[in-house]
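Hello,

Here is the structure we talked about. My notes on it follow below.

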Amino acid sequence: MDYVQNLPRLFDFADLPETETSGNGLTGQDIISVDQFDREKLSNLFHRAHEMREMVERVGSCDLLKGSILACLFYEPSTRTSASFIASMQRLGGSVIPITQGVQFSSVSKGESLPDTIRTLEQYSDVIVLRHPELGSSMRAAEAAHVPVINAGDGAGEHPTQALLDLFTIREELGTIDGLKIAMVGDLRYGRTVHSLTRLLMQYDVSLRYVSPEMLRLPMSLMNQLIDRGIKVRETHDVADVIENADVLYVTRVQKERFSDPAQYEEVKDCYKLTPEIMQRAKSTTALMHPLPRVGEIDPALDDDPRAAYFRQVKNGMYVRMALLAWIY
Ligand code: NCD
């Protein structure tokens, strides 16, 4: 007898909002872009993420996705995103095929195409998480797949699940999103997390400040969308211009791997470094965030500053991805 089946379900998520059970929303959907999320879906997702946190804190895992398999296919390096999806699936009772240790050990090194790899993995799994260096690769994978594909970063394009966890973290840290002054600092040109977070924030009443060297400014197309939406937005090269007023400082790494000219990377690689001294000028309530990995943009001496939210951000990522996986199923 399978005694596990006879145990009462510890969490049945019965008090989730209406759309959870009605089958609409995200059930069976690919997650390619943050544009798939309106404010109602976001608040629904965040409600679920809270449920997931409560469950994890109380019992560690549940059987919601028992018997389901997630394939984690990463053509680019990752620590957090891959581990986060793996932990999320396992805490929901499912299991994982991890192809995260470099596709050089997979048939990709024999010249297999992305659609063929996807068509193969879907024979074993119920959902595929993909990170790939090419813009639009997730969309191509989703077209080939019959199971949902989740974009875990497509080149310098989007990284929707990171932006979802970033937005969730802003709300957790500050209690709201509307009315905030949010400054993004660093590589705004190639930073896909910046692109996705910017798109999400367009739905809110926020003031945005973009701090970067000239070479790494936010893409014009995104800037135009912000202006068309009537969002209050400013650009500067200097953190000093935003430090005193920012409610959120979202700092990013210069994306070395996107540069074709190493000399250009050298020119901008150390453009910003947040230190305790600089942070003295920020508000006591400012949330200091970073998608990580950091390579010098935030002094580790800030790690014990209560405003440093980047490791809380990591944990939030697991709850948000759990919520997303449970919703997609
Ligand atoms: C980000 C990414 O891969 O875009 N990392 C992550 O997923 N947390 C940011 C980065 O690599 O700089």
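**Salt bridges, a helix crossing and a buried arginine**

At 36% relative accessibility, Arg39 counts as partly exposed (buried means under 20% relative accessible area, exposed over 50%, partly exposed in between, with a 1.4 Å probe and protein chains only). Before the rest, the ground rules. This is a predicted model, where local features need pLDDT of at least 70, side-chain atom pairs count only at pLDDT 80 or more, and totals for chains, interfaces and linings use all residues. Residues are numbered from 1 along each chain as its sequence is written, and side-chain values use heavy atoms, with hydrogens and water left out.

**Salt bridges**

The structure holds 20 salt bridges (a side-chain nitrogen of Lys or Arg within 4 Å of a carboxyl oxygen of Asp or Glu). Arg39 pairs with Asp178, with the closest N and O atoms 2.8 Å apart. This pair links distant parts of the chain, 139 residues apart: Arg39 is in helix α2 (residues 39-59), Asp178 in the loop between α6 and β5 (181-185). Helices (H or I, at least four residues) and strands (E, at least two) are DSSP runs, numbered from the N terminus. Asp178 is partly exposed, at 29%.

Arg199 and Glu158 form another salt bridge, 3.5 Å from N to O. Arg199 sits in helix α7 (residues 192-201), and Glu158 in the loop between β4 (149-154) and α6, 41 residues apart. Glu158 is buried at 9%; Arg199 is partly exposed at 23%. Asp35, Glu158 and Arg199 are linked in a salt-bridge network.

Arg281 and Glu244 also meet, at 3.3 Å from N to O. Arg281 lies in the loop between α10 (276-279) and β9 (287-289) and Glu244 in the loop between β7 (232-236) and β8 (248-251), so the pair ties together parts 37 residues apart in sequence.

**Helix crossing**

The axes of α6 (residues 160-174) and α11 (residues 310-328) come within 8 Å and cross at roughly 115°. Axes are lines fitted to C-alpha atoms, for helices over the stretch in contact, with angles from 0 to 180 degrees between N-to-C directions. Contact means heavy atoms within 4.5 Å. Among the residues making this contact are Leu165 and Phe168 of α6 and Val320 and Leu324 of α11.

**A buried arginine**

Leaving aside neighbours within four places in sequence, its contacts include Ile182, Met184, Lys232 and Val242.

Best wishes
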